[in-house]
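Come along and check each entry against the picture.

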Amino acid sequence: MAIKKKILYYSPHPLLNLSSPAGYATHMREMITAFRAEGHDVRTLIMGGEDASMVAASGSQAGEPAIKKLVKPFVPARLWESTKDYQLKRFDLRAEQTLKQMASEWKPDLIYERCNYLQLSGVKVARELGIKHVLEVNAPYVDERITLAGKTWWTGQANRIENQQLEGTNLAVVVSTALRDYFIKKHGLAADKFLVLPNAVNETLAIPDSVPASIQEELQKRNIKTVFGFVGSVFPWHGIDLLTEAFAQLAEQYSDAGLVIVGDGETLPAIQEKVSAWPCAERIWFVGRKSHQEVFSYIAAMDCTLMVKSNWYGSPVKIFEYGWMNKPIIAPDTIPVRDVMENEVDGLLIPPRPDAVRTAMEYYLKHPAKMQEMAAHFHAKIKAHHLWVHNAQQVINSCN
């Protein structure tokens with residue numbers, strides 16, 4: 001029987017709130033829940049807060065305050081972003097003292113930290129107090145920061161801190177082999193420093209037994225009998241423009257097929273405007289943002305689920321939710337997806353091109369039984385290997 005541990009779950013970032021509906025918070029909550037389900041004593045130190053009432057005040061949710069929006073256009077971009085980095089570094093010093101006090105008093109067996117850009121407090125405190133440390137790394141944070149906002153005065157130091165984070169931790173947990181290999185090459189680290197744990201699903205998730213009448217009625221009104229669907233944020237890297245273009249090609253031949261898109265994001269208005277002029281516009285239903293639980297009623301209505309584009313390093317949570325609901329899947333042919341899915345065994349893996357998406361959708365229409373077999377295979381794989389409790393178990397086993 002595994003020895004139960006005292007785990008201090010630590011998130012140092014000032015804008016990451018545990019109650020947020022965003023994907024990062026779901027990941028945090030699920031790992032905390034999974035550790036507790038395994039019988040471990042877990043305490044949390046979430047520097048961005050845990051109270052749902054604080055989420056709206058978070059910059060990650062509500063955007064920048066009005067005064068910053070007024071000032072920002074008059075400040076050079078590099079200076080603006082460098083100031084934000086400086087403030088993050090200052091915050092990490094305060095977070096370090098808070099963590100040190102809590103860890104000194106409670107004396108955990110393990111500090112499990114959700115890694116963030118420019119923040120070294122977790123590794124420093126763990127080393128100083130002689131506590132085992134696990135670092136969960138979900139992205140190439142420095143490169144991601146440069147891509148989104150350009151280099152700052154602190155970029156060089158950020159790379160050194162990233163190295164110190166990875167060198168200093170006992171175990172780095174990454175979501176894909178692509179991300180592991182990237183860090184090995186960049187920092188010259190050994191492969192045994194890393195544990196690859198793709199994202200997962202919660203087996204206690206409440207799955208609807210049937211499709212709500214309101215959804216059925218809307219599909220009937222739109223003359224949709226075969227439902228292709230996507231759930232997630234509508235951002236450029238998710239390829240919703242590719243998906244709608246592919247469906248428009250398909251719709252010319254298949255008059256009772258429809259596309260349901262559940263989610264919101266920065267590129268949604270432009271896509272909706274473009275689609276509105278198409279002959280098949282009525283059969284593309286933009287549902288908008290829904291709560292995490294409501295989403296599953298829409299997935300239940302989908303005959304074939306899609307995620308046609310993703311970044312090179314991330315493990316898409318949605319494919320696990322699709323798979324848990326036994327839905328046929330069309331997914332991007334990336335290394336993180338290939339870590340968990342085999343093409344034409346668990347689903348169809350495709351390049352991010354409209355013609356490839358259209359071909360895959362047509363394959364489903366012609367071979368629905370075959371794709372349902374793939375769905376059943378992937379569901380069994382998730383049940384055996386990709387539940388959040390499995391991830392928690394692997395972390396603890398790797399630390400023993």
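**Entry 1: the whole chain**

I began with burial: of the 400 residues of the chain, 54% count as buried. Here buried means under 20% relative accessible area, exposed means over 50%, and partly exposed is in between, with a 1.4 Å probe and protein chains only. I noted that this is a predicted model, where local features need pLDDT of at least 70, side-chain atom pairs count only at pLDDT 80 or more, and totals for chains, interfaces and linings use all residues. Residues are numbered from 1 along each chain as its sequence is written, and side-chain values use heavy atoms, with hydrogens and water left out.

Next I looked up the secondary structure and found 17 helices and 12 strands. Both are DSSP runs numbered from the N terminus: helices are H or I with at least four residues, strands are E with at least two.

I then turned to contacts, meaning heavy atoms within 4.5 Å. Of the contacts with a separation of 6 or more, 75% come from residues 24 or more positions apart.

For the surface, I wrote down about 18,100 Å² of accessible area, with 53% of that belonging to carbon and sulfur atoms. The areas come from the Shrake-Rupley method with a 1.4 Å probe, and for residues only the protein chains shown count as cover.

**Entry 2: aromatic rings**

How many aromatic pairs are there? I got a count of 11. Rings of Phe, Tyr and Trp (its six-membered ring) pair if their centres lie within 6.5 Å; planes under 30 degrees apart count as stacked, over 60 as edge-to-face and the rest as tilted.

One of these pairs is Phe 35 with Tyr 112, edge-to-face at 5.3 Å centre to centre and 70° between the planes. Phe 35 belongs to helix α1 (residues 23-37) and Tyr 112 to strand β3 (residues 110-114), so the pair ties together parts that are 77 residues apart in sequence. I checked how covered the two are: Phe 35 is buried at 0% relative accessible area, and Tyr 112 is buried at 1%.

I looked at Tyr 182 and Phe 183 next: their ring centres are 5.2 Å apart and their planes are at 65°, so this pair is edge-to-face. Tyr 182 and Phe 183 are buried too. Ring pairs also join Tyr 182, Phe 183, Phe 194, Trp 312 and Tyr 313 into a cluster.

**Entry 3: Thr 244**

I found Thr 244 in helix α10 (residues 240-251). Its relative accessibility is 2%, so Thr 244 counts as buried. What does Thr 244 touch, leaving out residues up to four places away in sequence? My list reads Leu 259, Ile 261, Ile 271, Val 275, Trp 278 and Phe 286.

**Entry 4: two asparagines with positive phi**

Asn 223 is not a glycine, yet its phi is positive, at about 60°. I placed Asn 223 in the loop between α9 (213-221) and β7 (226-231), where it is partly exposed at 43% relative accessible area.

Asn 326 also has a positive phi, near 65°. Asn 326 sits in the loop between α13 (317-324) and β11 (329-332), and at 30% relative accessibility it counts as partly exposed.

**Entry 5: the loop with Met 341 and Glu 342**

I ended in the loop between α14 (335-338) and β12 (348-350), where Glu 342 is found. Met 341 is found in the loop between α14 and β12 as well.

Is Met 341 buried or exposed? Met 341 is buried, at 3% relative accessibility. Beyond its neighbours within four places, Met 341 has contacts that include Ile 319, Ile 329, Ala 331 and Phe 378. I also noted Leu 306, 35 residues from Met 341 in sequence and 14 Å away, C-alpha to C-alpha.

Glu 342 is partly exposed, at 47% relative accessibility. Not counting residues up to four places away, Glu 342 touches Gly 347, Leu 349 and Lys 381.
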